[in-house]
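Welcome! Please take a first look at the model below, and then follow the report from one part of the fold to the next.

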Amino acid sequence: MSSIPVPVNIWQDGDDVLRIKWSDGHDSVYSTGFLRKVCPCAECDGFRTQKPGLRIITGPVVTSVKAVSAKQVGRYGVAFVWSDGHSHGIYSYTSLRQFCQCERCVEGKEEG
Ligand SMILES: [Zn+2]
Ligand SMILES: [Zn+2]
């Protein structure tokens with residue numbers, strides 16, 4: 001494996017779509033609501049992994065959220081600031097490629 005692709009451009013495309021252009025030419029498409037839901041920060045992880053018996057926390061309600069900004073973190077990830085004020089999650093490039101919802105990747109996953 002050579003070095004992993006890195007984002008060369010990240011932009012909000014309309015109300016609920018985020019696009020990333022990668023250094024290997026790949027064009028990624030994401031639903032912003034989806035990306036916000038899979039936020040990898042400890043806080044959101046806690047919402048997802050809560051077990052019975054623990055006090056019930058209502059997960060973040062994500063209806064329509066936009067990426068306000070995206071900041072490169074080190075050489076491995078991107079931190080988004082969301083329009084709901086959340087900004088803790090760092091999305092690694094690897095996970096962003098796994099989450100990619102473009103036609104090519106979606107088809108590949110179905111066949112794979
Ligand atoms: Zn989070
Ligand atoms: Zn893709």
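Let us begin at a turn: strand 4 and strand 5 form a hairpin with three residues between them, and G74 in this turn has a positive phi of about 55°. Helices (H or I, at least four residues) and strands (E, at least two) are DSSP runs, numbered from the N terminus. Two strands pair if DSSP finds at least two bridges between them.

A word on the background. This is a predicted model, in which local features need pLDDT of at least 70 and side-chain atom pairs count only at pLDDT 80 or more, while totals for chains, interfaces and linings use all residues. Residues are numbered from 1 along each chain as its sequence is written, chains are lettered from A and ligands numbered from 1 in the order in which they are written, and side-chain values use heavy atoms, with hydrogens and water left out.

**The overall fold**

The protein chain holds four helices and six strands, and along the sequence they follow the pattern β-β-β-α-α-β-β-β-α-α. Of its 112 residues, 29% count as buried, where buried means under 20% relative accessible area, exposed over 50% and partly exposed in between (1.4 Å probe, protein chains only). Among contacts between residues at least 6 apart in sequence, 40% join residues at least 24 apart; contact here means heavy atoms within 4.5 Å.

**Around strand 5**

A70 has F80 in strand 5 as its bridge partner. Strand 5 also pairs with strand 6 (residues 90–92), in the antiparallel sense and over three bridges, and there V78 stands opposite Y91. Strand 5 (residues 77–82) is mostly covered, with five of its six residues buried.

Three strands in the order 1-2-3 form an open sheet with antiparallel pairing. Strand 1 (7–12) and strand 3 (27–31) stand at the edges, each with a single partner strand, so one side of each is left without a neighbour in the sheet. From one strand to the next, the twist averages 20°, an angle between axes, which are lines fitted to C-alpha atoms (for helices over the stretch in contact), taken from 0 to 180 degrees between N-to-C directions. Strand 2 and strand 3 are joined by five bridges, and L18 stands opposite Y30 in strand 3.

**The nonpolar core**

Which residues have the most contacts inside the largest nonpolar core? They are L18, Y30, L35, F80, W82, Y91 and L96, in a core of 19 residues. Strand 2 (17–22), strand 5 and helix 3 (93–99) each supply at least two residues of this core. A nonpolar core is a set of buried Ala, Val, Leu, Ile, Met, Phe, Trp, Tyr and Cys residues joined through side-chain atoms within 4.5 Å. Leaving aside neighbours within four places in sequence, F80 is in contact with several residues, among them I10, L18, L35, Y91 and L96.

Y93 is found in helix 3 and is buried, with a relative accessible area of 2%. Y93 and W22 are 71 residues apart in sequence and 9.7 Å apart in space, C-alpha to C-alpha. Beyond neighbours within four places in sequence, the contacts of Y93 include W22, G74 and V78.

The table lists the donors, which are N, O and S atoms within 2.8 Å of the metal (3.2 Å for Na, K and Ca); water is not among the atoms, so sites may look incomplete.

| Ion | Donors | Distance |
|---|---|---|
| zinc ion (ligand 1) | C39 (SG), C41 (SG), C44 (SG), H86 (NE2) | 2.1 to 2.3 Å |
| zinc ion (ligand 2) | H26 (NE2), C100 (SG), C102 (SG), C105 (SG) | 2.0 to 2.3 Å |

Around the zinc ion (ligand 1), the four donor atoms subtend angles of 102 to 115°, which makes the arrangement tetrahedral. For the zinc ion (ligand 2), the angles of 103 to 123° also make the arrangement tetrahedral. Four donors count as tetrahedral if all angles lie between 85 and 135 degrees.

In sequence, the donors of the zinc ion (ligand 1) are spaced C-x1-C-x2-C-x41-H, and those of the zinc ion (ligand 2) follow H-x73-C-x1-C-x2-C. C39 counts as buried at 0% relative accessibility. H26 lies in the loop between strand 2 and strand 3 and is buried, at 6% relative accessibility.

Terms used. Tetrahedral: all angles 85-135°; square planar, octahedral: opposite > 155°, others 65-115°.
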